[in-house]
Amino acid sequence: MKKNYKIEVDCANCANLMEDAAKKTAGVKDASVNFMTQKMSVEFEEGQDVKTVMQAVLKNCKKVEEDCEIFI
Amino acid sequence: MNKKQKKLLTRILIATALMILLAFIPVEGIVRFACYLVPYVVIGHDIIKKALHGIKNGKMFDENFLMTVATVGAIIIALLGKGDYVDAVAVMLFYQVGELFQSYAVGKSRKNISELMDIRPDYANIEVDGKLEKVDPDEIEVGSIIVVQPGEKIPIDGTIIEGVSSLNTSALTGESIPKDVKAGEEVISGCINLTGVIKIETTKEFGESTVSKVLELVENASSRKSKSEDFISKFAKVYTPLVCYAALALAILPPLVKMIFLGQSADWMTWIYRALTFLVISCPCALVVSIPLSFFAGIGGASREGILIKGSNYLETLSKTKYVVFDKTGTLTQGVFEVNDVHHNEMEKEKLLEYAALAESASSHPISKSLQRAYGKELDRSRVHDIQEISGNGIIAKVDNDTVAAGNDKLMKRLNIEYNNCHSVGTIIHMAINGIYAGHIVIADVVKPQSKDAIRRLKRTGVVKTVMLTGDAKKVAEQVGRDLGLDEVYSELLPADKVTQVERLLEQKPAKGKLAFVGDGINDAPVLSRADIGIAMGTMGSDAAIEAADIVLMDDDPSKIAKAIAISRKCLRIVYENITFAIAIKLICLLLGAVGIANMWYAIFADVGVTVLAVLNAIRALFVKKI
């Protein structure tokens with residue numbers, strides 16, 4: 001399953017870091033951050049609870065970029 | 001400016017005011033340190049906090065870390081009496097000015113481009129008890145009647161049931177001439193209604209309508225990252241830690257060497273200051289932000305011209321196109337039949353066409369439609385009697401009091417009428433009136449007016465080979481190929497043969513060149529995905545073809561292919577300019593910093609100035625009107 005989220009991030013490098021952090025989160029099959037449109041698209045592994053996974057994604061992203069926001 | 005930027009601006013102003021004030025107050029020693037600490041904290045507290053946060057999470061070498069180490073280092077040097085606190089505060093201050101400027105410039109250009117591409121309709125009008133009501137287009141069901149007033153966007157695809165108007169389709173096709181529409185015609189969403197009120201019966205849901213599809217496509221475009229973007233993000237990952245270690249080495253090694261091997265004084269402060277300058281220069285931001293921004297601007301500019309590109313990677317591949325392979329019908333030709341000529345006629349051309357159109361008036365075949373169009377006047381069907389359709393031959397009918405036979409050579413043979421064979425290419429309709437041969441009409445699929453120019457322009461942009469693949473007859477295909485100046489023509493192909501041909505061409509092409517396939521039909525979908533780049537015709541094309549394609553031409557104009565290639569080249573040129581320019585300036589400044597020529601001020605320019613220049617250069621990719 002794939003879902004799109006609106007995000008807020010200031011710099012392009014931070015967006016890249018967020019993408020990396022999201023990709024490494026458990027339950028995420030693939031993730032891509034689009035700095036230009038301020039969107040994150042996340043592909044979940046099967047049988048994962050979207051809400052819990054997204055909380056973890058947000059937590060991991062906050063670790064690499066404190067200022068970022070994901071509108072879950 | 002957004003809230004964050006405004007806050008930063010206030011902090012910059014306060015810190016600047018404090019610095020000016022402090023310049024007039026002569027204080028020394030620890031008091032001076034305390035005084036300058038105030039503007040430093042005002043301007044830099046978030047950077048230090050972020051740096052600490054980064055260290056805590058094991059993510060050390062980011063720009064916040066670099067700036068913190070650089071400025072704290074400068075303060076310590078000043079405390080030891082070798083420099084001034086002004087340096088430290090100024091570096092932080094200018095860094096923040098740069099950040100603000102950069103975030104403003106990037107945000108602004110991002111917004112500009114997004115606005116250009118924003119064709120999303122906000123509402124749809126429905127009539128309730130004689131009054132218009134605005135509703136969310138998402139709620140409109142298929143088959144509903146919506147009203148579009150002048151100046152409004154058509155929100156959902158449908159058929160006009162009432163009203164006459166002209167539409168501005170430029171947001172979708174890049175075409176600036178308005179299109180006239182009337183009842184019975186299909187219209188696509190995203191067009192702007194210019195003159196009259198029209199009522200539309202919707203044929204699709206909002207989510208399935210053209211405008212939603214186009215938006216989805218463009219918005220997802222920059223998610224497919226190009227090789228250059230991948231290169232830059234990988235580069236940034238290696239580069240930042242590398243520079244940090246280099247700075248550390250610069251701070252420690254030369255003094256040690258001087259002290260131990262040359263017996264001179266270590267001169268620690270000078271080298272630490274140089275190492276800090278080194279750190280400031282090294283931020284990778286200019287590269288990281290300007291590359292995706294260039295692609296984004298390129299895709300945005302192209303979409304304004306009616307060329308939808310589904311990803312930056314395709315923009316990159318497109319710029320290397322060497323072979324262009326075309327489908328014929330609907331791509332190079334209009335895909336509609338038209339009367340081309342009338343030959344060997346004994347009577348007036350109009351009269352012959354009138355007879356032909358009347359005789360064929362009962363048929364709904366494209367050929368009979370083309371005859372009716374060529375005749376151009378209203379047909380009086382009561383003049384036609386006794387229509388006999390002879391399958392595979394043609395039609396015999398009584399028009400007024402004459403017996404008209406219209407059909408192919410088989411029909412003429414069957415009726416024992418002598419006929420002239422035609423040398424023209426296309427479908428030939430022989431006509432006999434009262435058993436006497438009266439000439440023939442040539443009907444053919446018409447070549448698009450822009451096709452010839454399209455091929456010529458492709459050649460000029462450096463495409464080595466143009467090929468046409470078609471399922472059509474050899475004679476027709478070769479005629480079209482000659483007319484347009486195509487290099488190779490392969491005819492009478494089945495859909496599977498097209499794939500084989502494309503695969504053969506893929507093997508044959510030069511290793512670095514790419515092959516683009518341009519098509520429109522359902523049977524093109526496999527070939528579109530097999531080619532390096534698939535280009536589909538948007539309005540003629542089937543959904544399957546558009547789905548499988550990487551680039552969609554919204555107005556079906558084949559000369560847009562050369563334009564798309566030109567746009568991609570311009571965009572890639574800007575990307576390479578930015579990569580080389582940013583890396584070169586940084587390297588030069590790093591070198592100058594290492595030998596002590598460049599100070600903190602140079603360093604700030606190398607970081608912020610280069611970023612701003614690169615961003616401005618990236619925006620150029622948006623302007624594609626003239627190429």
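How many residues of chain B are in contact with chain A, and with how many residues of chain A? In this predicted model, 19 residues of chain B are in contact with 14 residues of chain A; two residues are in contact if their C-beta atoms, placed from the backbone, lie within 7 Å. Residues are numbered from 1 along each chain as its sequence is written, chains are lettered from A and ligands numbered from 1 in the order in which they are written. Local features need pLDDT of at least 70 and side-chain atom pairs count only at pLDDT 80 or more, while totals for chains, interfaces and linings use all residues.

**Figure 1. The side of chain B that touches chain A.** Helix 2 (29-56), helix 4 (85-117), helix 7 (227-260) and helix 9 (285-304) of chain B each give two or more residues to this side. Helices (H or I, at least four residues) and strands (E, at least two) are DSSP runs, numbered from the N terminus. Helix 9 of chain B gives the most, with 6 residues. By class, this side of chain B has 8 nonpolar, 7 polar and 4 charged residues. Ala, Val, Leu, Ile, Met, Phe, Trp, Tyr, Cys and Pro count as nonpolar, Asp, Glu, Lys and Arg as charged, and the others, Gly among them, as polar.

**Figure 2. Strand pairing in chain A.** Strand 1 (residues 2-8) of chain A runs antiparallel to strand 3 (residues 39-44) of chain A, joined by 5 bridges. Within this pair, Val42(A) is the bridge partner of Lys3(A). Strand 1 of chain A also runs antiparallel to strand 4 (residues 69-71) of chain A, with 3 bridges, and here Ile7(A) stands opposite Ile70(A). Two strands pair if DSSP finds at least two bridges between them.

**Figure 3. An open sheet in chain B.** Three strands lie in the order 6-5-8, with antiparallel pairing. Strand 6 (179-181) and strand 8 (192-193) of chain B are the edge strands, each pairing on one side only. Strand 5 (residues 165-168) and strand 6 of chain B share 3 bridges, and Leu167(B) stands opposite Lys179(B) of strand 6.

**Figure 4. Helix 8 (residues 268-281) of chain B.** The 14 residues of helix 8 should span 20 Å at 1.5 Å a residue, and the end C-alpha atoms are 20 Å apart, which agrees; the expected span is 1.5 Å times one less than the number of residues. Because 11 of these 14 residues are buried, helix 8 of chain B is largely enclosed by the rest of the structure. A residue is buried if 20 or more other C-beta atoms lie within 10 Å of its own, exposed if 12 or fewer, and partly exposed in between, with C-beta atoms placed from the backbone. Among the buried residues are Trp271(B), Arg274(B) and Phe278(B).

**Figure 5. Helix 12 (residues 349-359) of chain B and Ala356(B).** With 8 of its 11 residues buried, helix 12 of chain B is largely enclosed by the rest of the structure. The buried residues include Leu352(B), Glu354(B) and Ala356(B). Leaving aside neighbours within four places in sequence, Ala356(B) is in contact with Leu371(B), Ala406(B), Ile429(B), Met431(B) and Ile441(B). Ala356(B), Met18(A), Val91(B) and Ile551(B) touch the most other members of the largest nonpolar core, which has 200 residues. Such a core is a set of buried Ala, Val, Leu, Ile, Met, Phe, Trp, Tyr and Cys residues joined through C-beta atoms within 7 Å.
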